[in-house]
Amino acid sequence: MSGIYLHIPFCRQICHYCDFHHSASLARKDEMLEAIARELARRQDEIRAGSVKTLYFGGGTPTVCTAGEIRDLVRQVRSLWNVGSFEEVTLEANPDDLTPEYLRGLREAGIDRLSIGIQSFRDDHLQRMNRRHTARAAAEAVIHAQAAGFGNITIDLIYGLPWMTPEEWQYNLDRAVSLGVQHISAYHLTVEPRTVFGKQGLKAVDETVSELHFGMLRETLAQAGFEHYEVSNFALPGFRAKHNSSYWSGEAYLGAGPSAHSYDGADRRSWNVSSNRLYLEGAPRGVERLTETDRLNEYLMTRLRTAKGLSTGYLTARFGPEEAARIAARCEDFVTTGDMHRTPEGFAVRPERLLVSDYLISELFR
């Protein structure tokens with residue numbers, strides 16, 4: 001299975017935590033959409049026809065586009081790669097863009113999954129993060145989407161905010177569950193230097209607070225029937241994100257638009273320049289050939305972020321018995337410390353320890 005990712009690099013307002021490539025000016029939006037369409041056509045041969053099963057509109061804020069513009073891109077991908085039917089077509093959305101009329105247009109355009117960037121159901125939190133919507137608009141967006149026929153909705157939440165009390169985080173979790181969505185993505189705030197928060201000198205919460213918020217997240221969503229299948233992702237049975245899951249499974253994907261990344265499923269990665277101007281001027285993509293070490297580390301990094309974990313059988317067949325034995329021995333050490341557990345296929349990070357999975361993974365790198 002292959003996926004297509006389209007990066008729409010425009011936002012009407014910049015969030016104080018955001019470190020993704022974006023522009024607050026929509027002046028060249030039409031030109032950008034035409035350039036993305038040309039890139040797709042130019043790179044048609046990079047993905048085998050008939051293999052594309054998922055399409056994902058990310059950003060930025062894809063909902064700055066009209067439903068007609070989204071429809072045209074969906075149709076182009078369908079035509080270029082001979083897609084009979086997609087397994088999943090996701091659109092990232094800001095709550096205040098999701099009017100009933102616009103939602104009906106998105107359904108007609110072929111969108112069947114919405115990823116709504118709510119982040120919090122508290123107005124004071126939203127204001128401090130410089131979000132455009134209100135808590136009321138966040139809930140109404142979900143309700144309107146459900147009324148429009150969307151039965152696969154994910155919402156994003158942020159925890160680890162320095163000013164957020166445990167009671168406020170619990171309120172956000174309870175409110176999210178009460179809306180009856182199928183998927184929740186919850187991300188710990190990371191203060192990046194280039195962001196407004198970074199320039200303001202905002203300090204990250206300490207480890208104790210992080211672990212408290214993470215534990216509350218896991219407990220609340222488990223009680224509501226959600227499966228914790230990746231560090232930041234929770235889904236009701238049957239609603240795991242298919243497009244994002246393909247990243248963690250090492251499958252091929254093609255990314256179009258400024259800053260978008262691509263992977264051929266074997267040993268070649270490429271990426272577009274993170275500049276709207278240079279992208280529109282035709283700047284070449286960066287290309288990287290992965291070494292055996294790169295591929296091993298990539299496998300460890302992606303698989304150990306998931307509940308499924310790694311396969312010792314795959315490691316033996318792909319990287320040799322000595323390498324597999326080295327990794328298995330280190331994993332056994334982490335089993336002893338309670339950070340990992342054995343699975344039928346190999347090893348996985350214990351769900352309650354996924355918050356520190358990056359450290360555990362780095363200890364296994366070649």
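At what angle do α12 and α13 pack, and how far apart are their axes? I looked that up first, in what is a predicted model: local features need pLDDT of at least 70 and side-chain atom pairs count only at pLDDT 80 or more, while totals for chains, interfaces and linings use all residues. Residues are numbered from 1 along each chain as its sequence is written, and side-chain values use heavy atoms, with hydrogens and water left out.

**Entry: α12 and α13**

I got an angle of about 145 degrees, with the axes 7 Å apart. Axes here are lines fitted to C-alpha atoms, for helices over the stretch in contact, and angles run from 0 to 180 degrees between N-to-C directions. Helices are DSSP runs (H or I, at least four residues) and strands likewise (E, at least two), numbered from the N terminus. From α12, Thr312, Leu315, Thr316 and Phe319 meet Pro321, Glu323, Ala324 and Ile327 of α13, where contact means heavy atoms within 4.5 Å. By class I have 5 nonpolar, 2 polar and 1 charged residues there. The classes: Ala, Val, Leu, Ile, Met, Phe, Trp, Tyr, Cys and Pro are nonpolar, Asp, Glu, Lys and Arg charged, and the others, Gly among them, polar.

**Entry: α11**

Next I checked the length of α11 (residues 292-303): its 12 residues at 1.5 Å each should span 16 Å, and the end C-alpha atoms are 17 Å apart, which agrees. The expected span is 1.5 Å times one less than the number of residues. I found Leu296, Asn297, Tyr299, Leu300, Thr302 and Arg303 buried in α11; buried means under 20% relative accessible area (1.4 Å probe, protein chains only). Their cover includes α12 (312-319) and α13 (321-337) again, plus α9 (242-248), β13 (310-311) and α14 (357-364).

**Entry: Lys29 and α1**

Is Lys29 buried or exposed? I have Lys29 as buried, because its relative accessibility is 11%. Lys29 sits in α1 (residues 29-42) and touches Phe10, Val64, Cys65 and Glu69, leaving out residues up to four places away in sequence. With Glu69 I noted a side-chain polar contact of 2.8 Å, that is, N or O atoms within 3.5 Å, one able to donate a hydrogen and the other to accept it, with sequence neighbours counting only if both atoms are side-chain atoms.

I also looked at α1 against α2 (residues 67-80): the axes come within 10 Å and cross at roughly 10 degrees.

How values were computed: Buried < 20%, exposed > 50% of the residue type's maximum accessible area, 1.4 Å probe, protein only.
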